[in-house]
Amino acid sequence: MRQTIGYQVVLGVGLSVWLVAGTSAGEAVDFAREIAPIFEEHCIRCHHPENKQADLSLDTFRDLEAQTYVTPGRPDESYLLEVVTAADGRPAAMPKEGEPLTAEQKGRLRRWIAEGAKWPDGLVLRQRSKADSTWWSLQPLAAEEPPDAAGLPARWTANPIDRFVYRKLAEQGLTPSPPADKRALVRRVTYDLIGLPPSPDEVAAFLADDSPDAYEKLVDRLLASPHYGEHWGQHWLDVVRFGESRGFERNEIVDNAWPFRDYVIRSFNDDKPFDTLVREHLAGDVIGRDRPEVEAGAIFLVSGPYDDVGNQDAAQAAQIRANTIDEIIRATGEAFLGLTVGCARCHDHKFDPVMQRDYYGWYGTFAGVYHGNRTVATAEQRRARDEALRPLNEQRDRLARQLADLQKSIEQSAEMRAVELEPRWTRPRIERTGTEERFESVEARYVRLVVEGAESNPAARGGYGIDEFEVWTADDPPRNVALAKAGSQATGQNRVAGDFANAYSASLTIDGKFGARWLASGPELTITLAQSERINRVLFSSDRPGDAGEHSVASFVSEYRIEVSLDGQQWTAVADSHDRQPVNAAHRRHRLIEAAVTSEQRRQQSDLNRQLAEVHREINAVPPLPVWWAGEFKPTPSKLHVFVGGDPQRLGAEVSPASLAALDAIVPPYQLADDTAEGQRRLQLAEWIVHPDNPLTPRVLANRIWHYHFGTGLVDTPSDFGYMGSRPTHPELLDWLASQVHDHGWRWKPLHRLIVLSETYRQSSVFRPDAAQADADSRLLWRFPPRRLAAEEIRDTLLMIAGQLNLQGGGPGFRLYRYLQDNVATYIPLDEHGPETYRRAVYHQNARASLLDLLTEFDCPDNAFSAPRRASTTTPLQALTMMNHRFSLDMAERLAERLQREAGSDRAADQVQRAFSLAYARPADEDEQEAAVALIDSHGLRAFCRALLNSNELIYLR
């Protein structure tokens, strides 16, 4: 069996033994114990197959021998000893980094060479990662029972979570806080589970319920709410980097990815087991074929940013493709396993035991995934559509054949005219770099180019470009009078770029510059001169410098005429292209057909086209099947390789789709054959991720749930359980929660219930200076950590208490921006938010790199990347937005109107009490009421509502 060493010798699947240097006198040098550690510690980081500095790799003996660094049996002739030894007052050449070799280490190398430089067969050295397979998160789940309840306060004994937390507090000399009051608790748990404030009636009902299980009933009601899935679905959408634009420089909007958002919300409301969710995310198209409610899960694969520039350079295109698959690998590893697998793209992971071969095993798993649209429908939907279209398609095909036969007959007649017509085409063809027309001098104020055909389509009257149009006088010397600086004007229909109104304007044809073009959407370009001039020549082009070559960006005209006028009403033709040679075969054919077709043939064409158009209208009237941004899946290459240094042009060893070797000792590994079907590769990975023996997946899931309940996870790096992540504050509790994931069938709601019913969760959030001295961030949970509402919660809250929130769920999202798209996309924030935007923020069509005022200011993440934990910043822009944005002002006005309707009287005191119950789930105290009434008396109810919406208490949970 091939062995691999990285400061350790791999003895078998998942088993390794640490070796120490040291050989008794007289014993032969043991390479694995005495020599390998030297190379690994001092040499291999610069001299390995993916980074062969000086063209030398020390992973095997091959390069040492081939480049005569080592001559077995002759240490004095071995260059290796020379480069690691200081001489003549100069330091040793190697190693360049770190400490030089000790005399004892150099002695070992000399003895090894003297004894023949024996390198064990099949032994490969690797640089060791900081963590190995003994890392805490890679170990099986601990089977320990919760701590004993003896000596704990009675209310901290029932829930195992409390026993873990209490014991940890006691170890640090801390005690928990008393329970939160009922008002704080109902507000906390309502936001926590559904992301919305409790209504005054809901608060009153909870306060009035004195039954022992009042809080449990509240929790169960919230978990059964459809708003639960909207709130917790948003958390998951953060983790899986769901966005509705492509990202990168073009960043086009994606209008049909929303089924994934609805799928996630529905899955959470249905309490779908997480292992099922993983399978559907990675292989929903395989296990849910013809079941859109399952297939939607696989949109996960293509919901990240996607570079669609379409680089024509093959090497660059391969790099972009590799980047695309890398993004899927990273999203998968971090979301489900909490491992930064992507860090092994160019070399073995420097910190975690993930080898480059592991990375490319996953690369082979996802190599068949391509971003794009795909029809997703039930078998019944497909059958019904096929039946509706069958007769229409038959009719269409029959008419198309008749039209084709007629066209063939016309073309045959046209070709017979070629002998007659082609000799008339005596002038050179039109050239993109400059086409000139000379004519008898004529007095004109207006010059018009009338396009009769475009290069790309001889029958089209638009879709061409002109970079400059010159009109020359008959003077000596002649002057170009078609220049804006000479007072001329140019008009013509142009392609519209919403984000740059004049990007393709006709004025570009007279600016005296080349490069930027008028992109025409109509057949005419009219030049109005500053005054009448006697002219005799025009010159125009679409690519005067010739830089574009044959690229379509400089597509030109194919047929035209030039007309002039003194008054802009009466026009006279002075030149045309009819005697020029055609620009291409399609143009030639078009000319011949136009000359040969008879009136009867035109009538027949018109009749057939009319019938065909009617059939097409009927076809288009048949409801289309849903087309989603669900990705396409194509067969993968039969042979896959490691990319040396991450470069697709440098192929290394062959690899096959496989599991991560670091878990081989505890999770049954797999390695698939090269001919394994594309979908089965993804399904096999999903099964491995959710295997009952895989400790990472339930640990990561349990930690994510804890993170969203308390603001920080037991591991505060929710998507990195590796060396660069944090250690758990309560490792035993984390493993116990992970075991509960299994015990409850991978369902989320039982864990929610377990956590929010705990005394740990129900503690007061009151600050205690003594406890904060020992644990400033309350990581040990001596109190409930207060938190600010997330951006979506703040926006939803403003709408909710103003009585404006539209609770319609599902379907295409709304936009808080104006979308403009040409070569690139632009997202302009709306200054005014109409009622069509008054839905929950989770239904916003979240485009990447778009700024959204309130949402952006309150740290809504850019979904170009996964956001496993959100920032919570405090900035002046937050206060300015809440105080002055039109949306905030509108909500203050709507709240004032609501208070006037619902307060029960016109008394300001009653309106204040109603406002406090809506916003804070509590009544105003005497001082608050007095101050608020004074404000209303002085500045009006709207001013009071504006102040209320800008209060800290509104947007903080305690």
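**Close-up views of a predicted model**

**View 1. Strand β9 and its two partners.** Strand β9 (residues 435-454) runs antiparallel to strand β14 (residues 524-541), and twelve bridges join them; strands here are DSSP runs of E, at least two residues, numbered from the N terminus, and two of them pair if DSSP finds at least two bridges between them. Look for E437 opposite V538 in β14. Strand β15 (residues 557-565) also pairs with β9 in the antiparallel sense, over eight bridges, with V557 as the bridge partner of A454.

This is a predicted model, in which local features need pLDDT of at least 70 and side-chain atom pairs count only at pLDDT 80 or more, while totals for chains, interfaces and linings use all residues. Residues are numbered from 1 along each chain as its sequence is written, and side-chain values use heavy atoms, leaving out hydrogens and water.

View 2. Y363 belongs to helix α14 (residues 356-366) and F643 to strand β19 (residues 640-643), 280 residues apart; helices are DSSP runs of H or I, at least four residues. Y363 is buried at 8% relative accessible area, and F643 is buried at 11% (buried: under 20%, 1.4 Å probe, protein chains only).

**View 3. Arginines over rings.** The charged end of R241 sits over the ring of F300, 4.9 Å from its centre. R321 lies over the face of Y370, 3.7 Å from the ring centre (cut-offs: CZ of Arg or NZ of Lys within 6 Å of the ring centre and within 35 degrees of the ring normal).

Methods. Buried means under 20% relative accessible area, exposed over 50%, partly exposed in between (1.4 Å probe, protein chains only).
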